[in-house]
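Visitor: I would like to learn how to read a sheet and a ligand shell. Please take the general idea before the case.

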Amino acid sequence: MRTVPSSPGVQVRVPAKVNLELQVGPLRDDGYHSLATVFHAVNLTDDVRVTPATHWGCVVNGPYAAAVPTGTDNLAVRAVQLLGERFGIEEMLQIDIDKHIPVAGGMAGGSADAAAALVAADALWSLGLTRADLMGIGAEIGSDVPFAITGGTALGSGRGEVLAPVLTQADFHWVFALQHEGLSTPKVYAECDRLRVGESVPAPEPSGALMSALRSGDVDELAPHLRNDLQDAAISLMPRLREVIDTGMEAGACGAVVCGSGPTVAFLCASHHLALDLMVTLSAGKVADDVVRAVGPAPGAHVVTDLHSVGPA
Ligand SMILES: C[C@@](CO)(OP(=O)(O)O)[C@H](O)COP(=O)(O)OP(=O)(O)OC[C@H]1O[C@@H](n2ccc(N)nc2=O)[C@H](O)[C@@H]1O
Ligand SMILES: Nc1ncnc2c1ncn2[C@@H]1O[C@H](COP(=O)(O)OP(=O)(O)O)[C@@H](O)[C@H]1O
């Protein structure tokens with residue numbers, strides 16, 4: 001059940017993501033890795049509401065609330081404070097987050113909340129910014145924030161913040177095997193570097209075969225092209241992920257890939273019914289702390305109610 005309070009304000013819904021492909025290139029001078037990635041948004045969502053207030057506040061509800069900071073280290077708070085500073089707005093906001101995206105799970109939940117907060121504050125403050133403007137500000141908060149604004153399926157380059165849409169024909173059915181314990185994104189990148197030390201790392205190039213599978217919408221064509229260069233690093237830091245992947249594949253998933261920096265594992269399924277069967281098998285196998293189902297592609301951050309504009313004529 002969604003628990004965001006019904007106070008005046010703007011509420012935005014925002015999706016989680018899985019990287020269908022994550023090619024990690026060399027470490028750049030600025031501490032980031034150059035990427036070629038295919039982001040895919042799924043309908044596992046957080047809701048973020050911003051409301052005018054007399055002081056800054058952040059309240060997080062939902063199953064993952066306990067793991068989320070509520071001060072200025074919350075990415076949604078940082079994002080709207082940055083937006084306010086940029087446009088000289090002094091109004092303070094209450095930010096209510098209904099958190100359903102796993103925390104530190106590789107599904108970009110924090111980035112999603114930052115994206116949602118930017119879209120909501122833009123509407124509340126009637127700034128009229130374009131999506132490109134918001135994505136530019138979002139990229140200052142984190143590399144994954146721009147994609148949470150666009151949603152759908154998109155090719156990411158640079159450090160992940162430069163996006164181009166990718167055509168997809170079908171809805172894809174996913175099952176996600178979640179772990180209570182998270183993995184830190186910088187630690188997983190560092191482990192990837194450690195595992196590749198001494199190797200020459202080529203510039204990342206998106207895979208034509210993956211693009212063509214997405215265009216065709218054929219699940220069986222897509223499955224063998226799921227790829228994540230951070231997967232070995234995530235497994236190295238959390239070895240039980242290997243068993244999670246093996247269990248899901250033996251239970252009939254078409255394909256499996258660790259989400260971003262992990263530890264969530266995404267399983268691609270041939271149908272809604274096979275996704276339900278896989279959920280049952282994974283839950284019974286006790287290899288994951290929780291199992292959820294979702295469909296992609298899903299839309300990016302969008303306003304779901306705008307009570308700000310409702311009032312006496
Ligand atoms: C791995 C990915 C794949 O989409 O997602 P998550 O698993 O975190 O969701 C992303 O690259 C995470 O993006 P995001 O979580 O926004 O990371 P940022 O805040 O920009 O960066 C956090 C840290 O991750 C490392 N980093 C991030 C992006 C990148 N291209 N190269 C990096 O090396 C750097 O150490 C950086 O200081
Ligand atoms: N709104 C938020 N939701 C989740 N995590 C947040 C948020 N704001 C800040 N964080 C911090 O960001 C870290 C990474 O969170 P998250 O984006 O969920 O993970 P990932 O990068 O693996 O996708 C968390 O451990 C948490 O401390």
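Guide: Two strands pair if DSSP finds at least two bridges between them. Helices (H or I, at least four residues) and strands (E, at least two) are DSSP runs, numbered from the N terminus. Here, E9 and strand E10 (residues 265-269) are antiparallel partners over four bridges; Val257 has Ala266 in E10 as its bridge partner.

The model is predicted: local features need pLDDT of at least 70 and side-chain atom pairs count only at pLDDT 80 or more, while totals for chains, interfaces and linings use all residues. Residues are numbered from 1 along each chain as its sequence is written, and chains are lettered from A and ligands numbered from 1 in the order in which they are written.

Visitor: What is the order of the four strands in the open sheet?

Guide: The order is E9-E10-E7-E11, with antiparallel pairing. Strand E9 (255-258) and strand E11 (290-296) are the edge strands, each pairing on one side only.

Visitor: Which residues are closest to ligand 2?

Guide: A residue is near a molecule if its C-beta atom, placed from the backbone, lies within 6 Å of it. Ligand 2 is surrounded by 21 residues, and the closest are Leu75, Ala104, Gly109, Gly110 and Asp113. Helix H2 (109-124) and helix H1 (75-86) each supply at least two residues of this shell; the largest share, four residues, comes from H2.

Visitor: Why does ligand 2 lie between domain 1 and domain 2?

Guide: Domain bounds come from an automatic or database domain assignment. Ligand 2 lies between domain 1 (10-166) and domain 2 (172-296) because both give residues to its shell.
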